[in-house]
Amino acid sequence: MARLHEYQGKSLLAREGIAVPRGGPARSPEDAAKLARELGGRVVIKIQAWTTNRKALSGVAFAQTPEEASDHARRMLAMTLGNFPVREVLVEEALAIKDELFVSLFIDDRKRAPGMLVSLSGGSGIEERAHSGGDSAVLRLDCDVNRGLDTTPLRRLLASSAIAKDLHEQVVDAVSKVFLVAKKNEARSVEINPLVTVADARGARVVAADCRMTIDDYAVYRHPDLGIEIARELDHPPTPLEKAAYAIEQADHRGTFFFAQMNTAAPASSKGLIGFHGAGGGGSMMSMDAIANEGFTVANFCDTSGNPSPAKVYRAARIILSQPGLVGYFGSGSGVANQEQYWSAYGLAKAFWELSIDIPVVIRLGGNAEDRAVDILHAACKGLPARVEGYRKTDPPAQIAASFATLVREAAGTAWKPRAPRRPAFVGSPSSPNFVLRAGRVWIDPAAWKQHAPKIVARASGLLKDTGGTPALAVTAEELLTKDSELIACEVECRRDGIDAVFVDLDLPGLEQPMQS
């Protein structure tokens, strides 16, 4: 489920006619002071982070003046939650709250229909109280997708409450509109905790004082106005690397690719920060446990499975190696069904060669054609500064994690520094023949072609031919567009033969500049 920040959810509520506090997001102390000055009077400042219990984290504060608002914003914008910085705060008018209610719309997977919880008191643990049935003040309402909410039970509950009678219809209206907001935006959940009644100079009214909202991942593409950058559930706003990874996944559907950053630094008790590259959910989980048991801290979770293309695996490796401070690269999983492991080996070998990797690498390539995959990895990485070891499915994750720990120890604390990839001298030269791929270009060294054309053609899977000493296509230009896998294999196999003649230059949006440590 893709999450929205509080201020984003409130904007959707307001669009449907639900009252929300005046205010807006601030990305600097100066912005916060400006908003506080415009609002006048007492304001509340809240961190915008996908976490609960913000108050306990010192993420909620009140200010009487713009200067106080600025000071609170400065402190909050310096906070990190789970290794990720707070980038925004919400500055709103402080409300004179009289009553607090709880409203939550959710999708009941058992009934395959939306449902709603309404409580006449805010706070935490309301879902548990509703589930146990021990709190008569928590009302569970079914929602018909077409007809909406049956408000009769809600009206009966309000009639027996202490909430002022002249506000009952406002409460009913607000709760009913929560359903409409969810339906229009295809939300999986909408929670207002609290929905409050207010009595001040502007009169008595009902206001959504908070809002948490998630959108169905599969519906995000239909709502570009929501500004959701990644249609997945994360516990933090997407980082630049996560955005780049998601763009790659959306552009290439050959296999799956999931990437999430987890830690940007390792604690003092850790043996170091590692780049993690899994293959297959179950195998990846076991491997993460094994590497954690060896005392390492994972910088990321990455999974390429479902028979991914070499290009996708290559791009995944490039993203992992855009994280500074890694002491090693640990890949482990086990492919099933039709996943041929040597395709992944080609992608990894290309990435490691381009970046001249100098931190230890351990890769478990368990699955179909694993012997060929391990042979490709070892042979293609033989001349690199770092030790690169390949393993098979019969090698348990705990065993390869122990081998990895030994290699890291022998490397004596070498830390990875992201760098620009190396390119052969013939790449980009006006005299070098080249052909367009769907997301890149393949370059050929004319001098190497003249000397080794038969060997290169033999490695090119029927895509290239020799025409009078010049490389030419053996297929149409349109057919070549999707042949990056075969050409990456050609590049790596030629390099294994000692022929640096072919190079596949792939697009990597978002990774134009390497991250700095």
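Student: Is V362 buried or exposed?
Tutor: V362 counts as buried, because its relative accessibility is 0% (buried is under 20% relative accessible area, exposed over 50%, partly exposed in between, with a 1.4 Å probe and protein chains only). This is a predicted model, where local features need pLDDT of at least 70, side-chain atom pairs count only at pLDDT 80 or more, and totals for chains, interfaces and linings use all residues. Residues are numbered from 1 along each chain as its sequence is written, and side-chain values use heavy atoms, leaving out hydrogens and water.

Student: Ok! Which strand is V362 found in?
Tutor: V362 sits in strand β20, residues 361-366 (strands are DSSP runs of E, at least two residues, and helices are runs of H or I, at least four, numbered from the N terminus).

Student: And what is V362 in contact with, leaving aside neighbours within four places in sequence?
Tutor: The list is Y329, F330, G331, E389, Y391, I400, F404 and L407 (contact means heavy atoms within 4.5 Å). Take F404 from that list: F404 and V362 are 42 residues apart along the chain, yet 6.1 Å separates their C-alpha atoms.

Student: Switching to S284. Where is its place?
Tutor: S284 belongs to helix α8, which covers residues 281-293. S284 is buried too, with a relative accessible area of 0%.

Student: What does S284 touch, not counting residues up to four places away in sequence?
Tutor: S284 touches F276, G278, A279, F301, D303 and S332.

Student: Now helices. At what angle do α10 and α11 pack?
Tutor: Helix α10 (residues 341-354) and helix α11 (residues 370-380) pack at about 10 degrees, and their axes are 8 Å apart (axes are lines fitted to C-alpha atoms, for helices over the stretch in contact, and angles run from 0 to 180 degrees between N-to-C directions). That is why α10 and α11 are roughly parallel to each other (under 35 degrees is roughly parallel, over 145 roughly antiparallel, 65 to 115 roughly perpendicular and the rest oblique).

Student: Which residues of α10 meet α11?
Tutor: From α10 come Q341, Y342, A345, Y346, L348, A349 and F352, and they meet E370, R372, A373, I376, L377 and A380 in α11. By class, this contact of α10 with α11 has ten nonpolar, one polar and two charged residues (Ala, Val, Leu, Ile, Met, Phe, Trp, Tyr, Cys and Pro count as nonpolar, Asp, Glu, Lys and Arg as charged, and the others, Gly among them, as polar).

Student: How do the axes of α7 and α9 cross?
Tutor: The axes of helix α7 (residues 240-251) and helix α9 (residues 310-320) come within 10 Å and cross at roughly 175 degrees. So α7 and α9 are roughly antiparallel to each other. In this contact, L241, A244, A245, I248 and E249 of α7 meet K312, R315 and I319 of α9. The residues divide into five nonpolar, no polar and three charged.

Student: Last topic, sheets. What order has the open sheet of four strands?
Tutor: The order is β2-β7-β3-β4, with antiparallel pairing (two strands pair if DSSP finds at least two bridges between them). At the edges stand β2 (23-26) and β4 (60-63), each with a single partner strand, so one side of each has no neighbour in the sheet. From one strand to the next, the twist averages 20 degrees.

Student: How many bridges join β2 to β7?
Tutor: Four bridges join β2 to antiparallel β7, residues 89-93. G23, for example, has E92 in β7 as its bridge partner.

Student: And what does helix α3 lie across?
Tutor: Helix α3 (residues 66-77) lies across β3 (43-47), β4 and β7, and runs at about 160 degrees to β4.
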